[in-house]
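Please walk through this structure with me, from the backbone to the packing. Keep the sequence and the 3D view side by side.

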Amino acid sequence: MQANYIDSYVKQIPLFAKLNPAQLQLVSQAFEVRSYRAEEVIFRESEPMLGMLTLISGQAVMLQVDANGIQQPIATIIPNQTLNQEALFSDELHSATLYVQRPVQAL
C-alpha cells in the first residue's frame with residue numbers, strides 16, 4: 001500500500017513525469033513519507049540540503065533572513081509543491097527556512 005501511495009505522488013512531480021513504470025518504481029523507492037507538526041522547522045536557511053521535498057498535505061512558509069537579520073516570509077508552500085530538486089544533482093545550502101504552519105505530510 002505504501003509503495004502505491006508514494007508512486008501516485010512521485011509520478012505527478014514534473015521531473016519524473018516521463019519515466020516509464022519500471023523507472024518510476026525505482027525512483028519511488030528512494031522516497032519516504034514524513035510527517036511534521038505545526039510550528040516545526042523542516043529545514044533551516046544555510047543548512048545543507050538533504051534531498052527533494054514534495055508536500056502531500058498541510059501548509060508551510062518559507063522564511064528568509066533580511067538585511068536587518070529578521071526572518072521574513074517569502075513564500076507559502078502548499079500541497080503538490082516540490083522543493084529542493086537541485087539537491088538531487090549537487091551539494092547546495094538552503095536559501096530559506098521552511099516552517100510548518102499546518103501539519104504537513106511530505107515525501
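Helices (H or I, at least four residues) and strands (E, at least two) are DSSP runs, numbered from the N terminus. This is a predicted model, where local features need pLDDT of at least 70, side-chain atom pairs count only at pLDDT 80 or more, and totals for chains, interfaces and linings use all residues. Residues are numbered from 1 along each chain as its sequence is written, and side-chain values use heavy atoms, with hydrogens and water left out.

Start with the backbone. Most residues other than glycine have a negative phi. Ser-46 has a positive phi, near 75 degrees. Ser-46 sits in the loop between β2 (41-43) and β3 (53-65). Asn-84 also has a positive phi, near 65 degrees. Its place is the loop between β5 (82-83) and β6 (97-106).

Are these two residues buried or exposed? Buried means under 20% relative accessible area, exposed over 50%, and partly exposed in between (1.4 Å probe, protein chains only). Ser-46 counts as exposed because its relative accessibility is 52%. Asn-84 has a relative accessible area of 10%, so Asn-84 is buried.

Next, a charged residue. Asp-7 belongs to helix α1 (residues 2-10). Asp-7 is buried, yet has no salt bridge. A salt bridge needs a side-chain nitrogen of Lys or Arg within 4 Å of a carboxyl oxygen of Asp or Glu. Lys and Arg count as positive, Asp and Glu as negative; His and the chain ends are not counted. The nearest side chain of opposite charge to Asp-7 is Lys-11, 7.6 Å away. Leaving out residues up to four places away in sequence, Asp-7 touches Leu-24, Gln-25 and Ser-28. Contact means heavy atoms within 4.5 Å.

Now the packing. In soluble globular proteins, nonpolar side chains tend to be buried together. A nonpolar core is a set of buried Ala, Val, Leu, Ile, Met, Phe, Trp, Tyr and Cys residues joined through side-chain atoms within 4.5 Å. The largest such core here has 14 residues, and Ile-42, Leu-53 and Leu-98 have the most contacts inside it. The elements β2, β3 and β6 each give two or more residues to this core. Which residues does Leu-53 touch, not counting those up to four places away in sequence? They are Ile-42, Phe-43, Gln-81, Thr-82, Leu-83, Leu-98, Ala-106 and Leu-107. A second, separate core has ten residues, including Tyr-9, Phe-16, Phe-31 and Met-52.
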